[in-house]
Amino acid sequence: MTGRPARSGTAARYLDPSAPVADRVRDLLGRMTLAEKVGQVNQRMYGWDAWERTPDGHRLSDAFRAEVAAYDGMGALYGLQRADAWSGVGFADGITAADGARVADAVQRHVVENTRLGIPVLLVEEVPHGHQALDGTVLPVNLAVGATWDPGLYEAAAAGAAAELRARGGHVALVSALDLVRDPRWGRAEECFGEDPYLAARFTEALVRGMRSSGVGVVLKHFAGQGATVGGRNSAATELGARELHEIHLTAARAGVRAGAAGVMAAYNEFDGLPCVANRDLLTGLLRETWGFDGIVVADGCAVDRLVRLTGDPVAAGALALDAGCDLGLWDACFPRLGEAVAGGLLAEAALDAAVARVLTLKFRLGLFEQPYTPASPPEQPLPLRELSERIARASLTLLEHDGRTLPLDTAVRRVAVIGPNADSVAQQIGDYTAPQRPGGGTTVLEGVRAAAPAGTGVTYARGAELTGDDVGGVPDAVALARAADVAVLVLGGSSARSDDTSFEANGAAVVGAGRPSGMTCGEGVDLADPALPAGQSALLAAVAATGTPVVVVLVQGRPHALPDLSGTAAAVLTCWYPGPWGGRAVGDVLFGAASPEGRLPVSVPRSAAQLPVFYNIKDHGYRGYVDQPAVARHPFGHGLSYGTVAYGEPRLSRSAVTVADPTLTCRVTVRNTGRHRVRETVQLYVRRLSGGSSWPRVRELRGFVRLDLAPGAEGEAVFGIDAEVLGSVTRELAVAVEPGELRLETGPSSARTRGAALVVGTARSAEPVVKSPRSGCR
């Protein structure tokens, strides 16, 4: 470090690595001017504006130098290496893996060596499913990760992604983890681990653990309830009550905080009429005072500017957000004016000091004052990240329907027709928030089928239809290929691929109006009123199926599309979500039996938009359904077939009665492989409250899962340890505790196929349940 302490003759304790972090922060804060403090809570620049391409490489821009000079420092810089259609950065002028560390170190060196106190800058990057930079390894999207039901695999991938980020000079990863798919019309469904809070919590823990192991701080997006916007509309209003917020939308955040997340990002949505970025009860009362969180809260892009509609003034808007508990702005015009807010009495300097202290604490914890530059030897990973990406893709493939005969394709299949708008495009299988890929990289589904097919198998291809619209001009050619084939692999679904002609909001969301962006049916800003397959794709499916050739439908998608009854149309239906660049290899391997489908649905698949919402853990009011169609999902949460068959025994409890003081017991269930193929079965544990508790119960709630590898004829036992975490529920005080009553512990292969055993939870004095009569609001 070469920073110069402000007080001559005073020991710079903040530069002493042996001093406690709190003492270092206190010392440094005491040396700072008001302008320097304001600089530490801002990340005003788009990172790609901080550099310019030169014939010899890259140089720091004059705009970046002016930004550092304006506040004699910089708190954080977002997206230095981001590349995509919005930033306009590509291989022609961007920062590749070969240049990343050098450019990052140049940024850091300028800040450290040209400011009074030499405070390093946090380099913050998007890592939604791999570092969003040129040459960054792309992972399958979060919805695919959720379909693996394998947090251990994801933890290894998260560690690898963080190691890549660290090797290129990054310090903080922004990762979507906290949103839930409560409405599949929402375009950001692909960024969620699923619809269930327990499942999302397990993957959020894995994410934080993995990235921390590689020395990267994680900021979890988005806090809180953004997946519950009305109508599946991006950044729209929510109509959440406090109980719904706590029971569903805070579980993953609480798990991430306990795992050691460096920060959370305040969401765009409002709760109880107040945007999250200005909600003191949420950001300070709950997050800091109740949960004890001591990390940073980051505003979403331009979110603080939206508060001007409440305050009428940008200075007051910045003061409102910071006083609520937001520590770091992002691109807004309000936080740069916090000095005015302090001078004008709108904001106590002590409140600003608290936010600055949290930002500085993170920098000390990441070791930036001792080692501000890229480490010479980043942490080594046991497996290459590309291999982990492909493993996730393979584990996420979910077989929704199967006639029991067609798959896996055997040697009798000599002619395969691969058809559909998603069959031959890497760009359409990698999802939103993805950097441009090098030409020729990745494996499409068509290429994966050709690689996996036995020698001598003929594989033909026709596009057949476009992703959107009702054009059927390509259907005749597709039908001709299907008629001449032994099986037709029909690759349908959606795409989040952005292009040069996509329009964007100031925060990077795609702009939709009367029409959607070219080729996009999903992604941030791309919501669907009707999540059914477009008319052209549906017509293609009907025409190909009418040939009589067996049809295997493969869905490449960022949301669960609403599906009609395909049992008489398709021999099999397989969803691979957005499986990443090498997802085509995974699809080919599964179709030809080199691997078995083992994914399970992390979200319910609707029949139509008319029945939404259709998530499984609804309140148990005994609703019987609509007159014109069932109320239940086409395919339920947790569902997924394999090439084998399994049989479940009854769950066995070590105790049939426990107390709130000692709720521990064990639940066991025996599972037997009754088929001819090896299977990897995901045994699921659900809790269903029959009586008691503080709130009307949900139908059932996921509380555990175990994966069993079973050879044909083999038998295995899934063992679940039951404790307060499993049996806990949200009380009237909105805390989580074990409440007396009668429960049912259920096990099975999905949320709709369970068998249960009764459990009584009594008070500390008795095993008898205490059932309180609900208070009536009527007389």
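Select serine 496 to begin: at 1% relative accessibility, this residue counts as buried. You are looking at a predicted model. Serine 496 sits in the loop that runs between strand E14 (487-493) and helix H18 (535-545).

Keep serine 496 selected and show its surroundings. Leaving aside residues up to four places away in sequence, serine 496 touches Glu190, Gly431, Asp432, Met520, Cys522, Gly523 and Tyr578. Now zoom in on the side chain of serine 496. The backbone oxygen of cysteine 522 lies 3.3 Å from one of its polar atoms, and the backbone nitrogen of glycine 523 lies 3.5 Å from a polar atom of that side chain.

Next, pick residues 741-750, which make up strand E26. Is this strand enclosed or open? Eight of its ten residues are buried, so E26 is largely enclosed by the rest of the structure. Look for leucine 745 standing opposite alanine 757 in E27. A hairpin of two residues links E26 to E27.

Finally, turn to the cysteines. How many disulfides are there? The count is zero. Select cysteine 334, whose sulfur is 9.7 Å from the closest cysteine sulfur, in cysteine 302, and therefore too far for a bond. Cysteine 334 counts as buried, at 1% relative accessibility. For a last stop, select cysteine 667, which is buried at 0% relative accessibility.

How values were computed:
Residues are numbered from 1 along each chain as its sequence is written. This is a predicted model: local features need pLDDT of at least 70, side-chain atom pairs count only at pLDDT 80 or more; totals for chains, interfaces and linings use all residues. Side-chain values use heavy atoms; hydrogens and water are left out. A disulfide is a pair of cysteine sulfur atoms within 2.5 Å. Buried means under 20% relative accessible area, exposed over 50%, partly exposed in between (1.4 Å probe, protein chains only). Helices (H or I, at least four residues) and strands (E, at least two) are DSSP runs, numbered from the N terminus. A polar contact is a pair of N or O atoms within 3.5 Å; within protein, one must be able to donate a hydrogen and the other to accept it, and residues adjacent in sequence count only if both atoms are side-chain atoms. Contact means heavy atoms within 4.5 Å. Two strands pair if DSSP finds at least two bridges between them.
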